[in-house]
Amino acid sequence: MQAPSAKTPITAAILATPESSASTLYGMHDVFCSAGRDWDFITTGVPGKPAIKSYVVGETTETFAAANGVPITPQVSIADCPPPQIICIPDLHLPPGKPIAGCHAATVEWLRSCYDRGATLTAACSGSLLLGEAGLLDGCDATTHWGFTETLARDYPQVKVHPARALVASGPGQRLITAGGGTSWQDLSLYLVARFLGQEEAVRIARIYLLDWHHNGQLPYATLARSRQVEDNRIAASQEWIADHYAEAGPVGAMAAFSGLPERSFKRRFTKATGMAPLDYVHTLRLEEAKQMLESDDLPIEAIANEIGYEDASFFRRLFRRKVGMSPGNYRRRFSAFRKALQAAAE
């Protein structure tokens, strides 16, 4: 899309709900307001002309407390909001697995209406659930925070969910854009600036705010999000047991033996209760332990593989790359330095 003239800034509405986090909402607002204005201000002392008109929109203009207690006052209600060119939905602070069906009915209808009028709809983190509730993601590719991928896939089964990716543009004209968890809203903001104003402006914004693109997606940050389930007592007990015995040889058979169930019945019940095959669950436990060891220890990768139950280090390397999105060596270089920096800061 061509950059707008100085007289016609892009309009971007950032949706505020009681579940919104203030950091994402106002972070995006700051980035958009900076476009066209702050580079000139920093380099010449004279602000440029804002290229994006950003405002906060809500079901009403009444002040409410965001999920972290920060007061938010929408500048305009959805009933009075002129049709924006971009809508951004911040994350929703909800327990993973909690459905939102029937919630925010007026907002969902407004999202549909704006999309039908040609707006580009975007969502950061778990905000993609609102796009799913609106039915706009049906048949489309999407992502969300790694802790909510199962919820999005379960509640909106026609959505093609990509848990590894930090940013997905989909739909006709790529007018549906979803971002993963945490600070991937920064990727989303930079993408929108580049798309509507050009890459040079996006680079300037990144330099102003020291924003870094999440090239590796969100798999390196993912963890075993499922807590121990309680509906099937035998499976729950086996989950608790394997947490201390995942390095054993033949872990699935060992879990089945511990549960007292025939292995075939155990596999069926485990998958039904947890949503994961027993072997996948064991691999996930092992890889999470490997991440911790790579971050905090200097053991050779072969030794780590053996420590967590893999005799074949080459298999461990391939599995780690496939599941985490980078090699064990690259993970260590990236995250051990981060952990050491935190430890040094605390000393």
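In which sense do strand E2 and E5 pair, and over how many bridges? They pair in the parallel sense, over 2 bridges. E2 covers residues 52–58. Gly58 stands opposite Ser77 in E5. Some terms first. Two strands pair if DSSP finds at least two bridges between them. Helices (H or I, at least four residues) and strands (E, at least two) are DSSP runs, numbered from the N terminus.

A word on the source. This is a predicted model, where local features need pLDDT of at least 70 and side-chain atom pairs count only at pLDDT 80 or more, while totals for chains, interfaces and linings use all residues. Residues are numbered from 1 along each chain as its sequence is written, and side-chain values use heavy atoms, with hydrogens and water left out.

Now the whole sheet. It is open and has 7 strands, with mixed pairing. The order is E5-E2-E1-E6-E7-E11-E10. Strand E5 (76–77) and strand E10 (167–170) each have a single partner strand, so one side of each is left without a neighbour in the sheet.

Next, the helices on the sheet. Helix H1, residues 22–34, lies across E1, E2, E6 and E7. H1 runs at about 155° to E2. Helix H6, residues 184–197, packs on the sheet too, touching E1, E2, E6, E7, E10 and E11. Its direction makes about 160° with that of E7. Contact here means heavy atoms within 4.5 Å. Axes are lines fitted to C-alpha atoms, for helices over the stretch in contact, and angles run from 0 to 180 degrees between N-to-C directions.

On to charges. How many salt bridges does the structure hold? It holds 9. The criterion is a side-chain nitrogen of Lys or Arg within 4 Å of a carboxyl oxygen of Asp or Glu.

Take Arg154 and Asp155: their closest N and O atoms are 2.6 Å apart. Arg154 is partly exposed at 46% relative accessible area; Asp155 is partly exposed at 26%. That class sits between buried (under 20%) and exposed (over 50%), with a 1.4 Å probe and protein chains only.

Glu200 bridges to Arg204, closest N and O atoms 3.8 Å apart. Both lie in helix H7, 4 residues apart, about one turn of the helix.

Last pair: Arg317 and Glu302, at 2.7 Å between the closest N and O atoms. Arg317 is in helix H13 and Glu302 in helix H12, so the pair ties together parts that are 15 residues apart in sequence. Finally, salt bridges that share partners join Glu200, Glu201 and Arg204 into one network.
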